[in-house]
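Please consider the structure shown below together with its sequence. The paragraphs that follow lead through it step by step.

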Amino acid sequence: MVRVLVVDDHPVVRGGLVGWLAAQADLDVVGEAADGAEALASVAALHPDVVLMDLRMPRMDGVTATEKLAVTHPGVRVLVLTTYDTDADIVRAVAAGATGYLLKDAPLPQLADAVRAAARGETVLAPPVAARLVSRMRAPAVEAPTARELEVLAGVARGLTNAEIGRELFIGEATVKTHLLRVFAKLGVDDRTRAVMVAVERGLLPGPGSR
């Protein structure tokens with residue numbers, strides 16, 4: 001029997017997952033949790049083999065919980081199940097130690113098979129996720145923005161003008177413009193709004209509401 005913990009902040013979604021997985025003869029749903037903090041406590045108490053982990057939840061998100069589980073319970077497999085398939089989300093989850101990454105539109109039989117595969121230590125990726133990772137690996141290396149350039153862009157994300165950013169960072173307004181032009185080139189964009197969006201997508205800047 002594969003012992004499974006289901007973690008999702010939406011009760012209806014969580015209940016549906018629990019019901020389907022519990023109906024499988026070889027899967028034993030030992031518990032459920034509504035956020036990452038509850039997941040950590042449940043893993044310590046229930047010792048599941050696989051944690052089916054949502055990504056974006058209150059109190060503690062799935063990536064943070066996955067990072068902590070990799071340290072405290074390295075033998076537990078984390079299988080991410082989410083609606084989000086951006087490069088930043090995928091890379092953060094895999095880097096945190098997730099064994100697999102599935103999307104919530106996956107057929108239920110595929111989900112059950114993925115839980116079994118994760119329990120065996122196999123990597124499980126939804127086809128769109130695998131394609132994104134392959135494309136990312138094959139993409140030519142691009143020079144990353146410097147720490148100073150990201151500080152300037154963070155000011156843009158907060159709605160500051162070039163002059164305000166300059167005063168905050170103790171640099172001239174012309175220097176701010178130079179940093180922004182370099183960021184635009186490195187991110188392949190041509191305006192401030194798009195630069196911030198791309199930086200967030202790539203995990204270079206925290207997204208709105210990030211803790």
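Pro-74 lies in the loop between helix 3 and strand 4 (77-82); helices (H or I, at least four residues) and strands (E, at least two) are DSSP runs, numbered from the N terminus. With a relative accessibility of 62%, Pro-74 counts as exposed. Here buried means under 20% relative accessible area, exposed over 50%, and partly exposed in between, with a 1.4 Å probe and protein chains only. From C-alpha to C-alpha, Pro-74 and Val-189 are 40 Å apart in space, and 115 residues apart in sequence.

The model is predicted, so that local features need pLDDT of at least 70 and side-chain atom pairs count only at pLDDT 80 or more, while totals for chains, interfaces and linings use all residues. Residues are numbered from 1 along each chain as its sequence is written, and side-chain values use heavy atoms, with hydrogens and water left out.

The chain as a whole comes to ten helices and six strands. Its C-alpha trace spans about 65 × 35 × 30 Å along the principal axes. Of its 211 residues, 42% count as buried. A contact means heavy atoms within 4.5 Å; among contacts between residues at least 6 apart in sequence, 62% join residues at least 24 apart.

According to the unreviewed UniProt entry, the annotation "domain: Response regulatory" covers residues 3-119. Such annotations may be inferred rather than shown by experiment, and their positions are given in the numbering used here, with feature names shortened. The span of residues 3-119 is 48% helix and 22% strand, and its end C-alpha atoms lie 9 Å apart.

Helix 2 (residues 36-46) has Gly-36, Ala-39, Leu-40, Ser-42 and Val-43 as buried residues. In general, an α-helix has 3.6 residues a turn, so residues three or four places apart point the same way. The buried residues of helix 2 pack against strand 1 (2-7), strand 2 (27-33), strand 3 (50-53) and helix 3 (62-72). The N-terminal end of helix 2 is capped by Asp-35, which has a side-chain oxygen 3.0 Å from the backbone nitrogen of Ala-37. After helix 2 comes His-47, whose phi is positive, near 55 degrees.

Two packed helices are described by the angle between their axes and the distance between the axes. Helix 1 (residues 11-22) packs with helix 5 (residues 108-119) at an angle of about 70 degrees, and their axes are 10 Å apart. Axes are lines fitted to C-alpha atoms, for helices over the stretch in contact, and angles run from 0 to 180 degrees between N-to-C directions. Helix 1 is therefore roughly perpendicular to helix 5, given that angles under 35 degrees count as roughly parallel, over 145 as roughly antiparallel, 65 to 115 as roughly perpendicular and the rest as oblique. Leu-17, Trp-20 and Leu-21 of helix 1 make this contact with Leu-108, Pro-109, Leu-111, Ala-112 and Val-115 of helix 5.

A second pair consists of helix 8 (residues 162-169) and helix 9 (residues 173-187), which pack at an angle of about 105 degrees with their axes 8 Å apart. These two helices are therefore roughly perpendicular to each other. Helix 8 contributes Asn-162, Ala-163, Ile-165 and Gly-166 to the contact, and helix 9 contributes Glu-173, Val-176, Lys-177 and Leu-180. Within helix 8, Asn-162 counts as buried at 14% relative accessibility. Beyond its neighbours within four places in sequence, Asn-162 is in contact with Glu-173, Val-176, Lys-177, Leu-180 and Arg-192.

Key: A polar contact is a pair of N or O atoms within 3.5 Å; within protein, one must be able to donate a hydrogen and the other to accept it, and residues adjacent in sequence count only if both atoms are side-chain atoms.
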